[in-house]
Amino acid sequence: QVQLAESGGGLVQAGDSLRLSCAYSGRTFSTYGMAWFRQGQGKEREFVAAVSWSSSNRIYADSVKGRFTISRDNAKNTVYLQMSSLKPEDTAVYYCACGILTTSPNYRYWGQGTQVTVSS
């Protein structure tokens, strides 16, 4: 059984940086694509970033390109989302997901989410 656990969320000010982590347990981590999605209050869940199993392919939403970096450490079964120059519109619950690499929310496994709040 696959389990994902996000951590690292919190309350920050606009312009600050924050790093989210997602710890994976279960079947072979390195074969899965990993992604981050987010969902603001009253909004649909939206794609943020994704990384292939080898890290050779990274995809970003236009809204975070140049500010966020996704990475993974297969030895530690962990995927990261480094967020910088945060904006109030980045406020959302951030979810980690794993499965076939895609920008749509069709991932097989999901974490419970971690709240990120950016104050102006």
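Gly-33 is found in strand β4, strands being DSSP runs of E of at least two residues and helices runs of H or I of at least four, both numbered from the N terminus. The model is predicted, so that local features need pLDDT of at least 70 and side-chain atom pairs count only at pLDDT 80 or more, whereas totals for chains, interfaces and linings use all residues. Residues are numbered from 1 along each chain as its sequence is written, and side-chain values use heavy atoms, with hydrogens and water left out.

With a relative accessible area of 6%, Gly-33 is buried (buried, under 20% relative accessible area; exposed, over 50%; partly exposed, in between; 1.4 Å probe, protein chains only). Apart from neighbours within four places in sequence, Gly-33 is in contact with Val-51, Trp-53, Arg-72, Ala-97, Cys-98, Gly-99, Leu-101 and Tyr-107, contact being defined as heavy atoms within 4.5 Å. By contrast, Leu-18 is 15 residues from Gly-33 in sequence and 22 Å from it in space, C-alpha to C-alpha.

The protein has 11 strands and zero helices. For its 120 residues, a compact globule would have a radius of gyration near 14 Å, and the 13 Å of the protein agrees with this; the radius is taken over C-alpha atoms, and the globule rule is 2.2 Å times the number of residues to the power 0.38. The C-alpha trace spans about 40 × 25 × 25 Å along its principal axes. Of the 120 residues, 42% are buried. Among contacts with a separation of 6 or more, 56% are between residues 24 or more positions apart.

Strand β1 (residues 3-7) has a covered face with Leu-4 and Glu-6, and an uncovered face with Gln-3, Ala-5 and Ser-7. In a regular strand the side chains alternate between the two faces of the sheet. Five bridges pair β1 with strand β3 (residues 18-25) in the antiparallel sense, where pairing requires at least two DSSP bridges between two strands. Ser-25 in β3 is the bridge partner of Gln-3. Tyr-24 also lies in β3 and counts as buried because its relative accessibility is 6%. Tyr-24 and Asn-77 are 53 residues apart in sequence, yet their C-alpha atoms are 5.4 Å apart in space.

The largest nonpolar core has 35 residues, and those with the most contacts inside it are Leu-4, Met-34, Trp-36, Leu-81, Met-83 and Tyr-94. At least two residues of this core come from each of β3, β4 (33-39), β5 (46-51), β7 (68-73), β8 (78-83), β9 (92-99) and β11 (114-119). Such a core is a set of buried Ala, Val, Leu, Ile, Met, Phe, Trp, Tyr and Cys residues joined through side-chain atoms within 4.5 Å.

Four salt bridges are counted, each a side-chain nitrogen of Lys or Arg within 4 Å of a carboxyl oxygen of Asp or Glu. Glu-46 forms one with Arg-38, with 2.6 Å between the closest N and O atoms. Glu-46 counts as partly exposed because its relative accessibility is 35%, whereas Arg-38, at 5%, counts as buried. In another, Lys-65 and Asp-62 approach to 3.2 Å between the closest N and O atoms; both residues are exposed. The side chains of Asp-90 and Arg-67 also meet in a salt bridge (2.8 Å, N to O). This pair links distant parts of the chain, 23 residues apart, with Asp-90 in the loop between β8 and β9 and Arg-67 in the loop between β6 (58-60) and β7. Both Asp-90 and Arg-67 are buried. Through salt bridges that share partners, Arg-38, Glu-46, Arg-67 and Asp-90 are joined into one network.
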